[in-house]
Amino acid sequence: MSFAGGLETLPRALAARLPAGSVELDARVTRLVPGRPWTLVWNRPGQPAQTETFAAVLLALPAAALAALAVGADGEHPLGGLGAIEYPPVSSLFLGFNRDQVTHPLDGFGLLIPPVEHRVPLGVLFNSTLFPGRAPAGHVALTVMTGGALRPELARLDDTALLTRVRGDLAEILGVGGEPVFVRSHVWPHAIPQYNLGYERFLDLIARTEADLPGLLVGGHIRDGISVPACLAAGEKLAARATS
Ligand SMILES: Cc1cc2nc3c(=O)[nH]c(=O)nc-3n(C[C@H](O)[C@H](O)[C@H](O)COP(=O)(O)OP(=O)(O)OC[C@H]3O[C@@H](n4cnc5c(N)ncnc54)[C@H](O)[C@@H]3O)c2cc1C
């Protein structure tokens, strides 16, 4: 599922339900000082640090941000060990084509490509089949994902180089011909944490830190699942813990 206006509809709707002035955008939390209440230090780019106090602190940050977070008067980094979580990059190339440039019927979700096939993309989503409004009439839209744990170097190619590399695969698998009429790309340098064997040590570190620092609660995709539904469920659980 998605939303007519894209996934950003969800955080916008959540923000609209909160009391006015309770959301600070473009603000980076740099330090937490435990206590009753907790003191939180944050700043916007190029602006002086601001300090506020809160009864509890919920962190739903990527691992690198948790690892870098100074906690305590002396600026310790209790979650520093999370910096070792493997987080390979993923790039997405959103491509628009005239319908007659693609011979495949695109009658599905898309495709995932196993490594044994030695292709450049990890997978391709058929966006214009999945959701209305993703391509104008007479056109189709595809998202090509590359990189990941097995071929991280591919995610770091620029648009032109990446397009050149995926073109052969798109032609062979989907019968795509010619230049795309629309290209938009995005790279997530640290896309998805890998729940590799031994990941328990990271979960243990989080649990120990919470136990040592009452009032601090950690969630987000490093803990209870990667998917958006898993993150939402974990967020609700975390909010219930905070309010209890
Ligand atoms: C390419 C790609 C495709 C995906 N596709 C799907 C999919 O199809 N379906 C699905 O269910 N899931 C998908 N996922 C996974 C899913 O999107 C993520 O796991 C999920 O969005 C993570 O949510 P989160 O709230 O934990 O983290 P994020 O959404 O990363 O939010 C963390 C937030 O913390 C902020 N932040 C960082 N540092 C600080 C700081 N110091 N102070 C304040 N704020 C800070 C960041 O700006 C960010 O807004 C995909 C992920 C990727 C990368």
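How much accessible surface does the protein chain have, and what share of it belongs to carbon and sulfur atoms? About 14200 Å², and 60% of that belongs to carbon and sulfur. Those areas come from the Shrake-Rupley method with a 1.4 Å probe, and for residues only the protein chains shown count as cover.

Hi everyone, a word on the ground rules. This is a predicted model, where local features need pLDDT of at least 70 and side-chain atom pairs count only at pLDDT 80 or more, while totals for chains, interfaces and linings use all residues. Residues are numbered from 1 along each chain as its sequence is written, and side-chain values use heavy atoms, with hydrogens and water left out.

Let's start with the whole chain. Its C-alpha atoms fill a box of roughly 65 × 40 × 35 Å along the principal axes. You'll find six helices and 11 strands in it; these are DSSP runs, H or I with at least four residues for helices and E with at least two for strands, numbered from the N terminus. Of the 244 residues, 33% are buried. By buried I mean under 20% relative accessible area, with exposed being over 50% and partly exposed in between, using a 1.4 Å probe and protein chains only.

Now for contacts, meaning heavy atoms within 4.5 Å. Take the ones between residues at least 6 apart in sequence: 60% of them join residues at least 24 apart. On charge, there are 19 positive and 22 negative side chains, and the centres of the two sets lie 3 Å apart. Lys and Arg count as positive and Asp and Glu as negative, with His and the chain ends not counted. Each charge is placed at NZ of Lys, CZ of Arg, CG of Asp or CD of Glu.

Helix α5 covers residues 200–212, and its 13 residues should span 18 Å at 1.5 Å a residue, which agrees with the 18 Å between its end C-alpha atoms. The expected span here is 1.5 Å times one less than the number of residues. Which residues of α5 are buried? They are F202, L205, I206, T209 and E210. Viewed down the axis of α5, these fall within an arc of 130 degrees, so they line one face of the helix. The arc is that of the directions from the helix axis to the C-beta atoms. On the other side of α5, A211 and D212 are exposed. The buried residues of α5 pack against β11 and α6.

That brings us to α6 itself, residues 228–243. Its 16 residues reach 22 Å from first C-alpha to last, close to the 22 Å expected. A230, A234 and L238 are the buried ones to look at in α6. Down the helix axis, the buried residues of α6 sit within an arc of 70 degrees, so they too line one face. P229, E236 and T243 are exposed on the other side of α6. The cover over the buried residues of α6 includes β4 (57–59) and β11 (216–218).

Most residues other than glycine have a negative phi, and most peptide bonds are trans. With that in mind, look at the bond from R36 to P37: it is cis, with omega near 5 degrees. P37 sits in the loop between β1 (28–33) and β2 (38–43).

Then there are two positive phi values. L106, in the loop between β6 (90–98) and β7 (110–112), has a phi of about 55 degrees although it is not a glycine. H118 also has a positive phi, near 55 degrees, and lies in the loop between β7 and β8 (123–125). Are these two buried or exposed? L106 is buried at 3% relative accessible area, whereas H118 is exposed at 69%.

L106 comes up again as a contact of L142. L142 is in strand β9, residues 139–147, and is buried with a relative accessible area of 0%. Leaving out residues up to four places away in sequence, L142 also touches residues including L93, F94, V124, F126 and V176. Its C-alpha is 6.5 Å from that of G96, 46 residues apart along the chain.

Last stop, P121, in the loop between β7 and β8. P121 is buried, at 5% relative accessible area. Beyond its neighbours within four places in sequence, its contacts are I113, V144, M145, T146, V166 and D169. The C-alpha atoms of P121 and L162, 41 residues apart along the chain, are separated by 9.6 Å. Thanks, everyone!
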